[in-house]
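Here is a short report on one structure. Read it with the model open.

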Amino acid sequence: MIVVIVMVLAVITFLLAVYLTYTGSTATGSTKAGDYSAAGILAVIGLIALTMASFTLFQSRRQVAEMKIEIPKVMTTIECRKCGTKTTREFQRGDFVFKELDACQKCPDEKQMITAIYKEVKEKEKTYAV
Ligand SMILES: [Zn+2]
């Protein structure tokens, strides 16, 4: 919420600068050089504050958006061709479908094979409210 306060202050500063510039330029004869420089400094400060505030706001919003995105896990299904035992584990580098792995725990003479590689879908996305 600090960002909002900074933004409001920035807008006020900027508006004050605009007001000073306006009154300074219209009040002919009584125009002082000091008024112009003060207005200019205020305008610059206001603009910098506004830019920083909007940048901070943009950054924080992007962080929230990034936090919401969950990277789906890639899963690998390993199957024994003899007894049909299925095991699922996280995808490892070098995995590909029909790749032969270590022997099955139940049948030592039969090698396990990768039968599927897929992205894990969250249960939340599957269910629908009726
Ligand atoms: Zn087996």
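T77 stands opposite T88 in β2. Two strands pair here if DSSP finds at least two bridges between them. Strands (E, at least two residues) and helices (H or I, at least four) are DSSP runs, numbered from the N terminus.

This is a predicted model: local features need pLDDT of at least 70, side-chain atom pairs count only at pLDDT 80 or more, and totals for chains, interfaces and linings use all residues. Residues are numbered from 1 along each chain as its sequence is written, and side-chain values use heavy atoms, with hydrogens and water left out.

T77 belongs to strand β1. Its contacts (heavy atoms within 4.5 Å) include K86, T87, M113 and Y118, not counting residues up to four places away in sequence.

| Strand pair | Sense | Bridges |
|---|---|---|
| β1 and β2 | antiparallel | five |
| β1 and β4 | antiparallel | seven |

On the β4 side, I78 stands opposite I114. The hairpin of β1 and β2 has five residues between the strands, and G84 there takes a positive phi near 80°.

T77 has 9%, so T77 is buried. Five of the seven residues of β1 are buried, so this strand is largely enclosed by the rest of the structure.

**The zinc site**

Which residues coordinate the zinc ion? C80, C83, C104 and C107 do, each through SG, at 2.2 to 2.3 Å. Donors are N, O and S atoms within 2.8 Å of the metal (3.2 Å for Na, K and Ca); water is not among the atoms, so sites may look incomplete.

The donor spacing in sequence is C-x2-C-x20-C-x2-C. C83 lies in the loop between β1 (74-80) and β2 (86-90), and C104 in the loop between β3 (100-103) and β4 (111-119), so this pair ties together parts that are 21 residues apart in sequence.

Angles between the four donor atoms run from 106 to 114°, so the arrangement is tetrahedral.

C83 is partly exposed, at 37% relative accessibility. C104 is buried, at 6%.

Most residues other than glycine have a negative phi. F98 is not a glycine, yet has a positive phi of about 75°. F98 sits in the loop between β2 and β3. At 59% relative accessibility, F98 is exposed.

Technical notes:
Four donors count as tetrahedral if all angles lie between 85 and 135 degrees; four count as square planar and six as octahedral if opposite donors are over 155 degrees apart and all others between 65 and 115; anything else is irregular. Buried means under 20% relative accessible area, exposed over 50%, partly exposed in between (1.4 Å probe, protein chains only).
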